Amino acid sequence: MTAADTKAAGPPVPVPRAPKGTGPRPAPEKGISGSGRKKRKKGELLPYLLILPALVAVAAVYAFPLAKTVIMSFQDMGRKELWTGESPPWVGFEQFTNILGDGEFWSVTGRTVVFMVVCVGLTMGIGLLLALLMTRLTTWVRLVLTAALVAAWSMPLMVAASIFRWLSDSDYGLINTLIAKVAGEDFLGHNWFLDPKQGFAIIALLVVWGAIPFVVITLYAALTQVPKELEEAASLDGANAPAVFRFVTWPVIRPVFTMVATLSVIWDFNVFGQIWLLRGNKPEPEYETLGLYSFSKAFESTSFSQGTAIALITVLLLSGVAVYYLRQLMKTGEVE
């Protein structure tokens, strides 16, 4: 071999490799891709399989009664059909036309709406003030207040109603005793439930008292998520307390506040037990809200179809609120 041949041969020149992630890759084996796809499908179905028992329970508890209510509202079911088991005659929309054409129904609806607005306004206003107060309390005082709120929240409705019946008792009630010290002894013996407006005031106190713990604890949890740095920066820039709350605190807690207020609307619109217990299990017509009005038509007048029709109208009235609540529920936690 000559020198020229040796020089021409020379050392081998390294070939540059393609960077990782580029260039063709070998196709995966069929067995591996199939098992991976099966695992992925099984993982995707697992959440639905886990909630399947809950969906079945909800369908059994809610779906069947709701379907039965809708069917019954288009029939004329009375005491005869209830006891004999005969099929009630179909009357179409007659129940709804009779109800919507009844002035008493609209009077009860207006009373229900006014009562709901008052209760929700007081609940959210007092609840927000107490939640703001909890952010300024020391740890042990806040724990004591939280324990008291939880205790009030866990109290059975029958016990709470008995306490408020004693508080508003005409002869031995604490409310009359305290007012009599200011207004005079003549106020002793005053019956709050003779006037429906005063009676609803006592009922509203019971409703608000039972709803405030949930509102306070929920709003306080939302207030803890407000960045302290933003509030301090706004204060250093010269903003007073109302301005800090309006432009810094409120945008953060508004989704939670809206969600709680929507829930309160639904709950207070359907108040039943508080009125029923405070009026001795037989409320006067002046104290009827839509829930009590439906119950009265169904069981006292033995017009079960008319009672179910009123209940269905109530559901339709609240459906818009329920849709709004679901939208706010999906937005909870978002900060604009």
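A residue is called buried under 20% relative accessible area, exposed over 50% and partly exposed in between, with a 1.4 Å probe and protein chains only. By that rule Lys228, at 45% relative accessibility, counts as partly exposed. The model is predicted, so local features need pLDDT of at least 70 and side-chain atom pairs count only at pLDDT 80 or more, while totals for chains, interfaces and linings use all residues. Residues are numbered from 1 along each chain as its sequence is written, and side-chain values use heavy atoms, with hydrogens and water left out.

The chain has 14 helices and zero strands, where helices (H or I, at least four residues) and strands (E, at least two) are DSSP runs numbered from the N terminus. Of its 336 residues, 33% count as buried. Contact means heavy atoms within 4.5 Å; among contacts between residues at least 6 apart in sequence, 65% join residues at least 24 apart.

Side chains of opposite charge can pair when their charged atoms come close. The structure holds two salt bridges, each a side-chain nitrogen of Lys or Arg within 4 Å of a carboxyl oxygen of Asp or Glu. In one, Lys228 pairs with Glu231, with the closest N and O atoms 4.0 Å apart. Both residues belong to helix H10 (residues 228–236), where Lys228 and Glu231 are three residues apart, about one turn of the helix.

The other joins Arg279 to Glu284, and here the closest N and O atoms are 2.7 Å apart. Arg279 counts as buried because its relative accessibility is 17%, whereas Glu284, with a relative accessible area of 28%, is partly exposed.
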